[in-house]
Amino acid sequence: MTHINFVTLDVFTSTPYSGNPLAVVFLPEDDSAALTQSQKQTVAQEFNLAETIFVHPVREKSKRTIDIFTTDCEIPFAGHPTIGAASWFLNHSTNPADGNGITTLVTKSGDIPISIQNHETNQIAAHIAHNTHIHDARLTLKELARLHPTLAPFFTQPDVTFPCFSIVNGMSQVFVELPSLEALAAVTSATGGELVSDNYLDEGWRTGLTCVYFIVRDVEDSVMKKKVIRSRMILGTVEDPATGSAASGLAAYLALTEGKAGENYQYHVVQGVEMGRRSEIGVGVTLDGDKKIAQVVLTGTAVSVSEGKILVPHA
């Protein structure tokens with residue numbers, strides 16, 4: 001029986017058993033023993049985490065290639081696997097080939113520049129690909145209340161609507177700003193596990209899934225000693241403790257709709273508190289002179305939790 005090595009990390013935290021768990025599986029050095037897509041999917045299902053990444057053997061000194069799998073399929077990009085992978089290579093790995101010489105993660109979505117932003121805290125920065133789009137349709141309060149009826153009492157304006165946004169095609173969110181932490185605590189999974197219809201997305205953008213990202217702004221955070229955005233992410237029946245792509249989308253949307261050309265904006269998002277898995281997500285957005293997004297930089301930390309070997313499934 002053949003086994004391969006793995007580690008698990010908790011991402012967007014420096015405290016074990018907080019943040020968002022990630023499995024990191026190391027593919028065999030010998031290409032003749034490479035895992036098939038089906039085998040990778042089986043391993044991801046065994047870990048049963050939001051995402052599992054597969055690290056390819058080293059082929060270029062400054063780059064590391066990863067594949068990202070959910071329990072259902074391979075995806076081109078996700079925020080917490082990106083920060084987790086970058087943190088592993090730059091902060092945690094004992095492989096002599098890893099370290100500060102690595103500048104790029106190679107993913108199915110393209111190359112992602114990575115670096116250590118803060119050596120004292122081991123905070124990682126990753127430049128996120130973006131092709132932003134604000135959709136014409138907006139989610140109505142009536143539809144929100146149908147999907148999440150516990151929130152209806154917290155809105156006094158019946159005509160309020162909520163924006164739909166894509167940071168790239170295939171990664172879309174509905175942003176629901178809530179009036180209080182009490183309202184945020186009242187969020188539940190969607191009725192019947194129903195997903196937001198892709199009819200809210202413009203033609204040509206109806207790929208992937210649309211999550212609902214609930215936020216409360218300007219919350220004084222006793223841990224970070226600053227005002228943060230508190231958030232929760234719901235996708236049908238699933239709640240995620242830390243969603244880097246949704247936080248990046250939110251930051252991009254706020255910068256585009258509220259920012260000024262040529263400025264840089266920093267957003268601090270705290271997610272997962274209600275799940276008992278507090279996560280701290282940083283996003284920096286720079287607007288160019290035409291008020292278009294020049295760059296989106298996702299930041300965070302990760303902590304190592306476990307390591308071991310897992311059996312390679314039958315092909």
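## Domain arrangement

The C-alpha centres of domain 1 and domain 2 lie 26 Å apart. Domain 1 covers 3-124 + 302-311 and domain 2 covers 133-299, with bounds that come from an automatic or database domain assignment.

The model is predicted: local features need pLDDT of at least 70, side-chain atom pairs count only at pLDDT 80 or more, and totals for chains, interfaces and linings use all residues. Residues are numbered from 1 along each chain as its sequence is written, and side-chain values use heavy atoms, with hydrogens and water left out.

## Extent of the interface

Contact (heavy atoms within 4.5 Å) links 18 residues of domain 1 with 14 residues of domain 2. The two domains bury about 1100 Å² between them, 55% of it on carbon and sulfur atoms; buried area is the accessible area (1.4 Å probe) that two parts lose on being put together, summed over both.

One salt bridge is found across the interface of domain 1 and domain 2, the term requiring a side-chain nitrogen of Lys or Arg within 4 Å of a carboxyl oxygen of Asp or Glu. The side chains of Asp10 and Arg277 form a salt bridge at 3.2 Å, N to O.

On the side of domain 1 that touches domain 2, the elements giving two or more residues are β1 (3-11), β2 (20-26), α2 (79-92) and β8 (123-128). Here helices (H or I, at least four residues) and strands (E, at least two) are DSSP runs, numbered from the N terminus. The most, three residues, come from α2.
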